[in-house]
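This briefing concerns the contact between chains and the relation between copies. Please consult the sequence and the structure shown below alongside the text.

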Protein chains: 4
Amino acid sequence: MNVGMVGYKFMGKAHSHAYKDVGMFFDMNADVVMKAICGRDEQGVKDAAAKFGWESYETDWRKLVARPDIDIVDINAPSDAHKEITLGAIANGKHVFCEKPLALNLADGREMLEAAEKAGVKHAVCFNYRFLPAVQLAKQIIDEGRLGDIHHYRATYLQDWLVDPNFPLAWRLKKEVAGSGAHGDLNAHCIDLARFLIGEFDRVIGHNRTFVKERPIPASTTGLSGTASEQMGEVTVDDATGFLADFKNGAMGSFIATRFATGRKNGNTFEIHGSKGTIRWDLERLNELEVYFRDDEPNEAGFRRILVTEGTHKYAGNWWPTGHIIGYEHGFVHIVYEFVQHITEGTPFAPTFLDGVRCQEVLEAVDLSIERGSWVNVSEV
Amino acid sequence: MNVGMVGYKFMGKAHSHAYKDVGMFFDMNADVVMKAICGRDEQGVKDAAAKFGWESYETDWRKLVARPDIDIVDINAPSDAHKEITLGAIANGKHVFCEKPLALNLADGREMLEAAEKAGVKHAVCFNYRFLPAVQLAKQIIDEGRLGDIHHYRATYLQDWLVDPNFPLAWRLKKEVAGSGAHGDLNAHCIDLARFLIGEFDRVIGHNRTFVKERPIPASTTGLSGTASEQMGEVTVDDATGFLADFKNGAMGSFIATRFATGRKNGNTFEIHGSKGTIRWDLERLNELEVYFRDDEPNEAGFRRILVTEGTHKYAGNWWPTGHIIGYEHGFVHIVYEFVQHITEGTPFAPTFLDGVRCQEVLEAVDLSIERGSWVNVSEV
Amino acid sequence: MNVGMVGYKFMGKAHSHAYKDVGMFFDMNADVVMKAICGRDEQGVKDAAAKFGWESYETDWRKLVARPDIDIVDINAPSDAHKEITLGAIANGKHVFCEKPLALNLADGREMLEAAEKAGVKHAVCFNYRFLPAVQLAKQIIDEGRLGDIHHYRATYLQDWLVDPNFPLAWRLKKEVAGSGAHGDLNAHCIDLARFLIGEFDRVIGHNRTFVKERPIPASTTGLSGTASEQMGEVTVDDATGFLADFKNGAMGSFIATRFATGRKNGNTFEIHGSKGTIRWDLERLNELEVYFRDDEPNEAGFRRILVTEGTHKYAGNWWPTGHIIGYEHGFVHIVYEFVQHITEGTPFAPTFLDGVRCQEVLEAVDLSIERGSWVNVSEV
Amino acid sequence: MNVGMVGYKFMGKAHSHAYKDVGMFFDMNADVVMKAICGRDEQGVKDAAAKFGWESYETDWRKLVARPDIDIVDINAPSDAHKEITLGAIANGKHVFCEKPLALNLADGREMLEAAEKAGVKHAVCFNYRFLPAVQLAKQIIDEGRLGDIHHYRATYLQDWLVDPNFPLAWRLKKEVAGSGAHGDLNAHCIDLARFLIGEFDRVIGHNRTFVKERPIPASTTGLSGTASEQMGEVTVDDATGFLADFKNGAMGSFIATRFATGRKNGNTFEIHGSKGTIRWDLERLNELEVYFRDDEPNEAGFRRILVTEGTHKYAGNWWPTGHIIGYEHGFVHIVYEFVQHITEGTPFAPTFLDGVRCQEVLEAVDLSIERGSWVNVSEV
């Protein structure tokens, strides 16, 4: 499986690492080959190719997607480029592994899904958090009915990198490039995890804020950091979006994504109450899952802190012995493993573009509810 | 200060304990005397008087409020009795210390407030959680501007005693007696703490559920427990109510109160993000406050777990040396202390009936938003 | 049951509170009457009597123990007075409730035990921590064999009130009054809990330190605080004592008591590893017990945080509904309840003076091991 | 820098990963090339070479150390092979990167150190935990004097993989191969961290246990797991070793290493109390450091949970943005980076064989103290 990748910043590094390590820790029939990396800045992409271990580089994604030696096109360029590159890759019969959010808007996402299905290529959206062992364990416990009927789902995604009003106006803060702010970047993850764990959304109502409306235009940016210049520009995305949800299974939901949660660095959390038990998780302690079972002896019931590093826990056994924790980037290794197996062995795979579209539907329903000031059924958008 | 108290169940016990202990731990000019306790069941109230240490008892609250040897009337009977007894006590010129919720509805609450103000008596609503040392410290930190501008306020009140569908239909589950379910019982506390800590609500939107619609009619109940009979009756209050809020200061809020949060016993929590810091608190660990300050050295910034038991922490010095924690009931001792000082020394006091009314306004605005399916300004109700 | 109590500082307040509240929360046939309090400073003891609610006061303990209206003598004066008052009380046929450490040394303790047994009076040492619900639950789990064979016992008692070199030379820092420093004050508790939970010590080896050798002589002291004067005096007790232990059941033990554990206020902790499970506890979160059971499903095993506030947990049901935590002083209420029941109803009771002696044996064996630089069998002392 | 590595099990995988990834995340002048891997079982080592990405393989370490294309010899074979291979590598002028424990005994370790120094090659012992960002931060805080004088150092290394009596007799349980049990395997890490953080040991006294004396002889083993056969063999190493220590700086220390700490999987922890602050760390949450500073405002002092993932934290900035945690294996990447820089750039490096010897001295002093039943000065061994 030869991979060609577009993008070489934060996500490009995380994806490269996944391709580099996956064969060492997982048993696969196919070799994963880091064939070519692509970016517009020739020096930048050349350096990245050398640093990350790609065999070659391109400066035009059109060339990349047309190369006959490429099987999978990995897209982690800024969100406004997702659609065009995806359609180009599909037109060339490539499988596509696309970063989230799938597209800048729902219409684009649906077009991408349709194109992929029509072409019969394999497609994935990189909702990487599904693939952490603790999240997999949560899924397994829920699917086994161990939580019973789900009554409550609460999620947060708490970061604080925008609290400083002098943090520069990075591309993630421009609507035309990023599509959305905390909502599309962070709630997208929370919505996907909720769908993965307990099922579909019925209706939503939200509110949002842009607390700091103008920021210094950056001289340069990499990843989440950046250097400020003296000129100010307008922030055109939300700093925070919160919403209530009713799920189709009757559960009540609440979600908040913000880049103003002072002190919280990566607080992607969920807490799920069912009639038989409760589950809690926090990305900052991603190896742990807290679980409460109502059928434990009353005197001895309590939240269990499960260290999800046993050989019997999904993916954990591929790494180190029990108690030796893994980090953030391992989730990318797992999703790459699953996607390659999906292509080469025909194993089932999700999240596909369909999940990207479903997620986008909820995001847009929330935005619509904010405009209207009242509940919006997801089926409306 | 002679106290006459109506009610002798869970809250009656907590209040009695406060009157019994306050003089031992706090310096007051006035003696607090447990003069008379009142309840309709003569044997029950007689036993309670002996057990809790009240000098006498009454079976008719009208007699109690008319007794010339009573200065303060304490009302912790079920919510549907609050208004009538309060008005009776005020008519007799007594100061009133009333359990929350102040009344079954906003109109009643306003009438009680007006009566109290017209009569010039002192009045209090027992929002006891304001008076825990950790909550006082949170208030102090916020008032000193240490959190900066407040961006987010999130609160939960999580209990699980109704998850069992066989839990009987206690009075707290009947609208005509309790007024409301988790919303009036638990969100009332969260709303009061939010108002205390960061100020007034602007608008709200909510949703609610009654997950279990019929329950066995109880043979008898005390506190939160009870014994089931075989006949079923309808639950007429909410099991859970969640809502979003916009505050007048621009902060975004989210609240959830539920009796279906499996595994959580008394999860009254808040998390407040400001431009300079964050505060977190959980009633199950009521002696601790978690605080993050953005102006700590970047390399050394982190959530501080403050054990709020120092002699310099409000109320803590009246109890034990540092590190010796206090319990749930101590908050009642503190509020009783403050209310008596308010009466005898003229020191400022809140929460009064005005706070009870303000809280009720938010509660009703939420209920109205649920009916309407859209945001409701608190000023509308 | 009429109580006469000697001492009115930190412990005097804690004991007074227990006598005041016990009848309100526990069902007893006997009334507990706070008959007389005794102290050398007349104004001080008079004030304490009024504040705490004692009917009368004495300034000479000899008078107190001779009063015919006293059934129980409670001794919480400084440790050097324990023996004389105890023997006086026994000579008058009184039951004795004595603070720990039982005596300044083992010989004295044994004399007290012998006198009490010969006289046939009831006797107790106030190892209050045994009586917290979480510790009772630990005991129950161990006694049921749920931990299997015990392999490890680790205990700490961590305080930090002496880290400040200007903290004055309180009586607790003088060997002739206190007998010992952190060792006798804090390790005494840890040793008693270890004996209570897993059984007798076989041999020990220790080390200790007095980190700050001179301190300002105090103008006055109360509880653990104090005001410094300008004259310096020698600290004649240990600031910290640590030791290893072998238990008779084969378990390995480790203990540390210190008043120099910066940041830890009341870190009385134990962690017990058995062949089937593990238990952890920390006094700063005294309502919680952490338990791990090896026979939980491997995928779902983890440390459970049990909130020991259920109605089924020992003593917890006497207080508040589930999730409403209790504080430090409640342990004293429970031990007083048990001791009074022991006297009036003949129910079994421990810890008696025998436990005080056993604890003193271990303390002295540790001190002897420090002198010798080698292991000491507890049976040697 | 061409690396030749002996060993391909648990540690071989961890080291291989480090060589594979180091160049991607760190800027180095030298390329690190995975030249050759060596093991006695040809099929096994051939498979490992392919899986881990080594260019070639050898089945005789003598050949490997003689290959002219090798610059660094990495030794992670069982401990009994360390000495011979090290001496062979040195004889060929190779730099040596050796797993801990350096040798089966102190005499061997000293011989290895002397040989390395005489030959002028670079040498390292793989005490990988020094190189985690949180441990580096602890070191920095201590070196800046932020903890003041160190009074207490407590360390544990808690695992539970031997609690099951049917766990087979792996090589780690045979004295002739492993040299020692929990003591050499786990206390070695704790001793090294203590030396790294607060300095040298003065004297020690210990005790140990082999709780399960016979185990099934394994059919095969990998890493920490294994399959049992029916024949039983004797366990010739300790299951647990605990000891007290006096440090040269006056601090009191306590250490425990055990494979019988039910429920604890990888509890490598330290807690350090100084006159100005306290630090706590736990490998199971390796990205976090808890720190208490006495000079924080008294009302606001508390243990800070620092998430050591900021760009300013050592090594953390080489990975992901703040809040994105790293795992166990990253420590190996860091130590490999430092050792290669040491060789190619002449930057300072520790831990060298000298640290391996110092660690071994403490280990053997503890063993001697167990034999003697009394304290042993480390300078004696």
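The points that follow describe an interface and then a symmetry relation.

The model is predicted. Chain C and chain B bury about 3600 Å² between them, and the contact draws 39 residues from chain C and 39 residues from chain B.

**Buried area**
- Of the area buried between chain C and chain B, 58% lies on carbon and sulfur atoms.
- Met24(C), Lys51(C) and Trp320(C) account for 20% of the area that chain C buries against chain B, more than any other three residues.

**Polar interactions and composition**
- Six salt bridges are counted between chain C and chain B.
- In a salt bridge, the side chains of Arg285(C) and Glu288(B) meet at 2.7 Å, N to O.
- Across the interface of chain C and chain B, 26 residue pairs are in polar contact, with both residues at pLDDT 80 or more.
- Helix 1 (10–25), helix 2 (42–52) and strand 16 (303–307) of chain C are the elements that give two or more residues to the side of chain C that touches chain B.
- Helix 1 of chain C provides the largest share of that side, 10 residues.
- The side of chain C that touches chain B comprises 16 nonpolar, 11 polar and 12 charged residues.

**Relation of chain B to chain A**
- Chain B is superposed on chain A by a rotation of 180 degrees with 0.0 Å of shift along its axis (RMSD 0.0 Å).
- The two copies are therefore related as by a two-fold rotation axis.
- Ser374(B) has the C-alpha nearest the axis in chain B, 2.1 Å from it.
- Both copies use the same surface, as 100% of the contact residues of chain B recur in chain A.

Terms used: Residues are numbered from 1 along each chain as its sequence is written. Chains are lettered from A and ligands numbered from 1 in the order in which they are written. This is a predicted model: local features need pLDDT of at least 70, side-chain atom pairs count only at pLDDT 80 or more; totals for chains, interfaces and linings use all residues. Side-chain values use heavy atoms; hydrogens and water are left out. Contact means heavy atoms within 4.5 Å. Buried area is the accessible area (1.4 Å probe) that two parts lose on being put together, summed over both. A salt bridge is a side-chain nitrogen of Lys or Arg within 4 Å of a carboxyl oxygen of Asp or Glu. A polar contact is a pair of N or O atoms within 3.5 Å; within protein, one must be able to donate a hydrogen and the other to accept it, and residues adjacent in sequence count only if both atoms are side-chain atoms. Helices (H or I, at least four residues) and strands (E, at least two) are DSSP runs, numbered from the N terminus. Ala, Val, Leu, Ile, Met, Phe, Trp, Tyr, Cys and Pro count as nonpolar, Asp, Glu, Lys and Arg as charged, and the others, Gly among them, as polar. Copies are superposed by least squares on the C-alpha atoms of residues with pLDDT of at least 70 in both.
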